[in-house]
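Let's take a friendly walk through a protein model. Have a look at the sequence and the 3D view before reading on.

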Amino acid sequence: MKSALSWLTNFERKTTAMLLVAGFAMVTALAGTFTLAPLDRDEARFAQATVQMLESGDFVRIRFQDAERNKKPAGIHWLQAASVSVFSDVQARAIWAYRIPSMAGIVAAAIFTFLAGARLYDVKTGMLAGMFLASAPLVAAEATIAKTDGVLLALICLAQLAFLHVYGAVREGRNPSRRASAGFWIAQGAGMLMKGPIAPMVSLLTGLGLTSTAPRLSWIASLRPVVGILIFMLMVLPWGAAIWSATDGRFFTESVGGDMLGKLGEAQEGHVGPPGYHAFLVWALFWPASALIAPGIIAAWRDRADWRALFLLSWLIPAWLLFEATATKLPHYVMPLYPALAILAARAATGSAPPFWAHKLGAAVYAGVGFLAAALIVIPSLALNNTLPGLFLLAAAAGIAALTILIATLFWRGQGYAGGLAAAVLSCTFAWVIMTGVLPGLSQLAISPRLSAMLELKGQHPLRDGVQPVALVGYSEPSAVFLLGTQTSLTTAEAAATQLRDGAISAAIIEAEATDRFLNTLQGTAVASLAEIDGLNYSNGKPVALQVYVLAP
């Protein structure tokens with residue numbers, strides 16, 4: 001009876017902690033889901049491709065207007081299409097509905113991280129690790145962006161959770177469960193449909209790290225690879241065959257040869273960075289845990305004879321080195337390794353005390369990043385509007401700076417667990433301030449939403465008012481196509497003038513430098529200026545001045 005009661009108590013503690021992590025992750029992930037306009041360029045491209053699947057009924061090919069998008073598999077588009085069908089409508093262009101899968105993915109990733117930390121160490125470690133992951137600025141941002149990375153993170157966490165259950169059972173002399181091995185392969189198949197070979201790569205590199213010590217290879221059989229590969233193929237091959245047929249093999253040529261392998265040897269789209277790029281950024285992008293990153297890695301390296309520490313180091317180090325060596329670099333590339341880092345950091349707060357210098361240095365780093373976070377609340381308004389933000393944002397910035405000092409003091413004194421919990425909550429608060437207070441207020445950056453709102457106000461919106469599509473000249477961001485309709489014409493000044501004169505479009509939206517060519521081509525056709533929209537295109541850093549023309553009454 002006593003043993004049963006003890007088990008029940010532990011179960012209740014674990015369930016309660018898991019619900020707390022899930023709720024905390026949900027609160028953090030909701031920060032920008034409903035407040036941020038469609039983002040250029042990746043989010044709007046993904047969302048528009050999903051729009052075209054829903055409009056055409058073709059759920060195999062991935063297209064942006066008439067162009068094939070042979071970069072990532074279709075998995076995220078299926079999830080987005082399901083979300084839009086349930087919660088919204090394709091004509092509404094409500095970007096939040098396309099973000100639901102990303103938000104759910106981050107919540108699931110936090111839960112799986114909690115379960116991994118609890119399996120490896122204890123419930124306290126798992127809970128802090130899940131909160132660290134959910135509130136990390138990079139992860140909180142990805143929860144509000146309608147693309148692959150939030151869902152991919154969840155699938156990698158699931159695969160690694162299943163992996164550690166199998167490997168841990170072998171190391172502890174028990175028989176691994178079939179459920180764990182099946183979960184591993186199902187997560188790999190879903191990960192492949194989400195973003196190609198990233199999920200299998202992370203697990204493969206983890207496995208290579210584990211071969212550094214005995215048992216070097218015997219655990220592989222416990223993953224049941226024969227049955228697992230069959231499951232993997234049954235999940236992946238149907239769509240693979242369909243997209244091969246639909247594109248005559250172009251999808252694989254362009255996605256593997258152009259997109260994936262191309263990023264290894266040459267920086268694409270200007271996304272370049274030296275070795276150490278990710279190691280430099282992690283202190284800010286994983287801010288709530290920044291004071292405990294170094295102590296956690298030091299402690300794990302010291303305890304690497306323990307299979308639990310070895311597993312986390314194998315998850316973290318080989319893949320991190322690969323991402324550092326890759327020519328193309330974006331901050332979110334290492335996000336699949338953040339769960340391991342979160343557990344290592346949480347363990348530093350719940351396990352043995354770190355070296356004296358490590359927690360002092362960590363406290364200083366945490367404070368520095370916190371002051372930078374407070375400054376980021378004020379700087380955008382000063383830079384774009386030459387004015388201080390409102391009283392609420394100034395108070396928020398001052399509050400975050402003050403709380404940063406208090407939390408850094410906890411870390412300085414070696415109170416890692418209390419400091420970690422407080423840091424996670426403060427990072428969640430920072431996400432809400434930035435995504436609901438700062439970014440939505442920067443109207444100069446919201447060019448496409450302002451265009452859409454203006455056309456709707458004037459009764460000239462292609463999706464709302466039953467009029468012809470519009471043409472865009474000199475401004476071709478994907479968010480404009482998403483908000484104004486698939487048939488939006490991205491064209492030249494001369495072609496836009498011809499289309500407007502012939503009635504093929506209802507309005508021509510012309511960038512200032514193309515205005516003379518547009519008007520000269522009209523050859524006396526009378527037009528009226530409906531509105532002027534100006535601002536800053538944050539995708540390329542260039543100012544934009546757009547004039548909206550319609551045929552004169």
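In which helix is Ala116 found? The residue sits in helix α4, which covers residues 95–120. Helices here are DSSP runs of H or I with at least four residues, numbered from the N terminus.

## Before we go further

This is a predicted model, where local features need pLDDT of at least 70, side-chain atom pairs count only at pLDDT 80 or more, and totals for chains, interfaces and linings use all residues. Residues are numbered from 1 along each chain as its sequence is written, and side-chain values use heavy atoms, with hydrogens and water left out.

## Back to Ala116

Ala116 is buried, with a relative accessible area of 3%. Buried means under 20% relative accessible area, using a 1.4 Å probe and protein chains only. Ala116 and Ser314 are 198 residues apart along the chain, and their C-alpha atoms are separated by 14 Å.

## A helix with a kink

Where does α10 kink? Look at Val236, shortly before the proline Pro238: the kink there is about 35 degrees. That bend is the angle between axes fitted to the seven residues ending at a residue and the seven starting there. Val236 is also one of the buried residues of α10, including Phe232 and Trp239.

A disulfide is a covalent bond between the sulfur atoms of two cysteines. Here, a pair of cysteine sulfur atoms within 2.5 Å counts as one, and by this rule there are 0 disulfides. Cys157 is in none, as the nearest cysteine sulfur, that of Cys428, is 18 Å away. Cys157 is buried at 2% relative accessible area, and Cys428 is buried at 8%.

## One cavity

The structure holds 1 cavity of 30 Å³ or more. A cavity is a set of points on a 1 Å grid over the protein atoms alone where a 1.4 Å probe fits but cannot get out, and lining residues have an atom within 4 Å of a point. The lining of the largest cavity is made up of Phe46, Ile62, Arg69, Lys71, Lys72 and His77.

Note on methods. On a 1 Å grid over the protein atoms alone, a cavity is a set of points where a 1.4 Å probe fits but cannot get out, and a pocket is an open set with protein on both sides within 12 Å along at least five of seven lines; lining residues have an atom within 4 Å of a point. Grid points are joined across faces, edges and corners, and a volume is the space filled by probe spheres set on the points. Helices (H or I, at least four residues) and strands (E, at least two) are DSSP runs, numbered from the N terminus. Buried means under 20% relative accessible area, exposed over 50%, partly exposed in between (1.4 Å probe, protein chains only).
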